[in-house]
Amino acid sequence: LRQLKGNNLRTLDGEMEKLSLYAADRPGITAADVRELVGRDISASIYDIIDAISRKDRARAIALTFDIPKKEIGSSVGLFCWNLRLLLNVKERQRSNYPAQKIGEELGLRKFQVDRVVNQARQIDSGWLKEALSEFTAFDLKIKTSGASDVFLSWQMLLVRLLAGA
């Protein structure tokens, strides 16, 4: 539950209340209950996909894209773009030999995020990041202006195309 909703006690309390009502007639709450009622955190899915890309695990990255609900594709594109820009900013600072702690401070990252992002940035090519950012931006524009006949299919094709070059 904490992985899906973070550390905010008010949020966790609300989710626990929903779960207790949902599973009221059973002896306990299962992980399946949490997945069913609370759902998957989209930002965690994006982080996991980018992490798989950084490890060159294309199969896992593609499999993780299926965890993103169709209704969340629009916000997922924005999160992808934000993360790709973040990685480009980290790479720029790495070229200037900034220590990880300074990178984290300048980019407003929490301590637990710094190591992961710094490692991802080291493993992903700048050219690929720029290409992916351009592709996601074009896709975002397409779905917001002209629409796509099948947004989910277009989303999957975009990811497969990008992952082939990762």
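A crossing is left-handed if the near helix is turned anticlockwise from the far one by less than a right angle, and right-handed if clockwise. Helices are DSSP runs of H or I with at least four residues, numbered from the N terminus.

The model is predicted, so local features need pLDDT of at least 70 and side-chain atom pairs count only at pLDDT 80 or more, while totals for chains, interfaces and linings use all residues. Residues are numbered from 1 along each chain as its sequence is written, and side-chain values use heavy atoms, leaving out hydrogens and water.

**Exercise 1.** Describe how H6 packs with H7.

*Solution.*
1. Helix H6 (residues 73-95) packs with helix H7 (residues 100-107) at about 135°, the axes being 10 Å apart. Axes are lines fitted to C-alpha atoms over the stretch in contact, and angles run from 0 to 180 degrees between N-to-C directions.
2. H6 and H7 are therefore oblique to each other; angles under 35 degrees count as roughly parallel, over 145 as roughly antiparallel, 65 to 115 as roughly perpendicular and the rest as oblique.
3. The crossing of H6 past H7 is right-handed.
4. Leu86, Asn89, Val90, Arg93 and Gln94 of H6 meet Ile103, Glu106 and Leu107 of H7, where contact means heavy atoms within 4.5 Å.

**Exercise 2.** Describe how H5 packs with H10.

*Solution.*
1. Helix H5 (residues 58-65) and helix H10 (residues 151-164) pack at about 165°, with axes 10 Å apart.
2. H5 and H10 are therefore roughly antiparallel.
3. H5 passes H10 in a right-handed crossing.
4. Arg58, Ala61, Ile62 and Thr65 of H5 touch H10 residues including Trp155 and Leu159.

Note on methods: Helix = DSSP H or I, 4+ residues; strand = E, 2+ residues; numbered from the N terminus.
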